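Have the model open beside the text. We will go through the sheet, then a helix pair, then the nonpolar cores.

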Amino acid sequence: MKRSTRTLLAAALVLGVAAGPAALSPAFAATAPAASAPAPAVPPGSPDLSAVIAGLPRADATAALVRVGGTGGSWRGAAGVHDLESGAPADPAARFRAGSVTKVFTAATVLQLAAEGRIDLDRTARSYLPELIPGRYARVTVRQLLNHTHGIPAPTLPGTTVEEWYERRFEAYEPGELVRSATSKPREFRPGTRQHYLNIGYTIAGLLVERVTGDSYEHQVERRILRPLGLRDTYLPGGEAEIRGPYNHGYQTMRLDDGTTGLRDVSVWPATDGWAAGDLVSTTADLERFTRALFAGRVVRGSLLEEMFTLPPVTDFRSGDPAAFSAGLSMKRLGGREVWGKTGGRWGYNTAIASTRDGSRTLVYSVNSTDAKGQDTNRTVLSLMIGAYGLPD
């Protein structure tokens, strides 16, 4: 990593640790809780991230829920508000939209089916979905769908700004229509030669699950992963617009009706455009349990689990950097070690699961980011990852 980038990341960590209440704008200060709960005791060897989330709400985030685990001990923290109107403290057990963390569940489901001999990772997607995948994509394999080396572009969705997307937030998208939109375009590159992280490969993977099982994608994830692991607060919402049960409200910075720029409550916003790539709802407790089970080999086993920890030997389509995404996960080197996991973003919410390969340190967070799908990494999110694992190599 370039020195200038490393310096920027280090500065971000310092800001995240030191900012505290001084980082609050007047609009947020008026709704902040009068007092915070005392920080839990920190076991030796486990990072204390309470300083990173101190002072919420602030301009970049209104709440944060964090869990650190592993052999070095565990730490849990919550900060910010349930909603800006009441200023009530954030609920540590609240559900949230997990965004692209969904892809880990989808990849695990496909790999389980591969273990059963019902899916062959080296077979083409078209051999399973001949009526949906056209000839120009006839050589795309299932493995390439999962590791983003398929070369299929993104579908065309209406709108170009968050304001336009918000106005159309209740429009429903059918997975097959998304695939037809994407595959009607020329390929971005020859399959298997580059990597481009997009949702479309996982939309196709969800349809593939339905084709080989004769069952809904949602039910397959439920019976294969959610129920066996006891993830009772995790579900796939389909077209439901509101999060079931308790949740901390998500807010997004955008242009308001009066022409000013401010925060809009975006908690009620269905995720049908994401489906098998991004519509999961969960809690930090459930995602921590899932992460431990996954890295311990209790969700996907043997050689197929290694698919999740194997980066394809190609470069990124846009940056030219080495591939960073495997089947379901991604990898970054932080603090001199490999950290594997997955981030996700839906409007108002940023989520991540992460772990060292041996499970010695896990991190799960949900940050109610006000810039959840922005081009730059949210300050609180960045500080949490670096605080848990260290600076990039």
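**From sheet to core**

Strand 1 and strand 2 (residues 75-80) run antiparallel and are joined by 6 bridges. Keep in mind that this is a predicted model. Within this pair, Val68 stands opposite Trp75 of strand 2. The two strands form a hairpin, with 5 residues between them. In its turn, Gly70 has a positive phi of about 120 degrees.

Now look at strand 12 (residues 362-369). Strand 1 runs antiparallel to strand 12 as well, and 7 bridges join the two. Here Val66 has Tyr365 of strand 12 as its bridge partner. How much of strand 1 (residues 61-69) is buried? The count is 9 of its 9 residues.

Next comes the helix pair. Helix 4 (residues 102-115) packs against helix 9 (residues 200-213) at an angle of about 35 degrees. Their axes are 10 Å apart. The crossing is left-handed. Which residues of helix 4 and helix 9 meet? Helix 4 brings Lys103, Thr106, Ala107, Thr109, Val110 and Leu113. Helix 9 brings Tyr202, Ala205, Gly206, Val209, Val212 and Thr213. By class, this contact has 7 nonpolar, 4 polar and 1 charged residues.

Finally, turn to the cores. Nonpolar side chains tend to be buried together in soluble globular proteins. The largest nonpolar core in this model has 67 residues. Phe105, Phe290 and Met308 touch the most other members. Helix 4 gives the most to this core, with 8 residues.

Setting aside neighbours within four places in sequence, Phe290 is in contact with Val104, Phe105, Ile225, Leu229, Leu231, Val299 and Ile353. Another core lies apart from the largest one and has 22 residues. Among them are Ala354, Val381, Leu384 and Met385.

Key. Residues numbered from 1 in each chain as written. Predicted model: local features only at pLDDT ≥ 70, side-chain atom pairs only at ≥ 80, totals over all residues. Heavy atoms only, no water. Buried < 20%, exposed > 50% of the residue type's maximum accessible area, 1.4 Å probe, protein only. Helix = DSSP H or I, 4+ residues; strand = E, 2+ residues; numbered from the N terminus. Pairing = 2+ DSSP bridges. Axes fitted to C-alpha atoms, helices over the stretch in contact; angles between N-to-C directions. Left-handed = near helix turned anticlockwise from the far one by under 90°. Contact = heavy atoms within 4.5 Å. Nonpolar A, V, L, I, M, F, W, Y, C, P; charged D, E, K, R; others polar. Core = buried A, V, L, I, M, F, W, Y, C linked by side-chain atoms within 4.5 Å.
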